[in-house]
Amino acid sequence: MPDNEENKYAYLNKIACETEVHLQIVTLTKAVRLKTRLIGVDPNMSVIVAMGNSSEWIYAKQYIREGQKVIVRLMNTDQPNANLVAFQSNIQKLISVAGRWLLLDYPKEVQQLPLRQHRRLPVHVDAKLLHPETKKICSSGYLNDLSIHGGAFVGEPIKKASLDKKYILQVMLEGDTKSIAIVIKNTKKANKRGHLIQYGVVIEAEAENSKQFVEPLLIDFLFN
């Protein structure tokens with residue numbers, strides 16, 4: 001096994017219990033997405049996650065069966081060497097003796113991205129910049145890259161835009177609208193004709209609010 005693959009498995013094997021887990025159940029019609037927590041990892045054997053009791057889990061009950069294909073994403077930005085880990089697996093067994101747990105097959109392949117504070121990951125998320133007071137749309141476009149602290153927004157030129165000016169960044173994720181305050185730090189033309197401008201932005205929010213905004217977008221990055 002190559003060294004980088006060994007490192008990925010080493011990180012997975014030691015990832016902290018209670019780490020937030022995002023499950024995507026693969027069905028013929030649509031993806032069923034669930035949020036839960038990690039119970040533990042049995043190296044080379046299985047990954048154990050908790051079964052929830054929310055309305056989403058109740059709806060998903062019809063798909064939760066042995067052999068069902070799932071996509072798993074784990075990320076814990078509380079760790080200094082935080083990584084985004086994702087892999088495909090299958091439900092191995094449902095356990096209800098010691099707790100309501102799902103045993104998943106240990107992955108044959110792991111994808112991993114280090115989440116350094118200022119490292120920007122490539123994404124493509126439809127987004128808008130709104131005026132902070134009127135909430136009117138100043139520019140429509142998309143996020144081109146993203147980190148825990150900021151990113152790049154590519155969109156229509158903003159009238160009277162200036163550096164260090166505040167806006168509201170708004171995105172849609174799985175049917176829900178999410179927004180957060182940002183400050184423009186730099187600008188450049190995104191194409192030769194200048195029809196689109198790339199705005200380098202910094203998130204202006206408390207650490208927890210920033211985390212809640214950014215994490216789901218980064219989690220959605222792998223396997224999509």
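Which residue takes a positive phi in the hairpin of β2 and β3? The structure is a predicted model, in which local features need pLDDT of at least 70, side-chain atom pairs count only at pLDDT 80 or more, and totals for chains, interfaces and linings use all residues. Residues are numbered from 1 along each chain as its sequence is written, and side-chain values use heavy atoms, with hydrogens and water left out.

The chain has three helices and 13 strands, taken as DSSP runs (helices H or I, at least four residues; strands E, at least two) and numbered from the N terminus. Of its 224 residues, 45% count as buried, that is, under 20% relative accessible area with a 1.4 Å probe and protein chains only, whereas exposed means over 50% and partly exposed lies in between.

The residue with the positive phi, near 70°, is Asn44, and the hairpin has three residues between its strands. Strands β2 and β3 pair in the antiparallel sense over four bridges; pairing requires that DSSP finds at least two bridges between two strands. Gly40 has Ile48 of β3 as its bridge partner.

β3 also runs antiparallel to β6 (residues 101-105), joined by five bridges, and Val49 has Leu102 of β6 as its bridge partner. In a regular strand, side chains alternate between the two faces of the sheet. In β3, Ser46, Ile48 and Ala50 on one side and Val47 and Val49 on the other are all buried.

Met45 lies in the loop between β2 (32-42) and β3 (46-50). Met45 counts as exposed because its relative accessibility is 53%. Beyond residues up to four places away in sequence, Met45 touches Gln92, Leu104, Asp105 and Tyr106, contact meaning heavy atoms within 4.5 Å.
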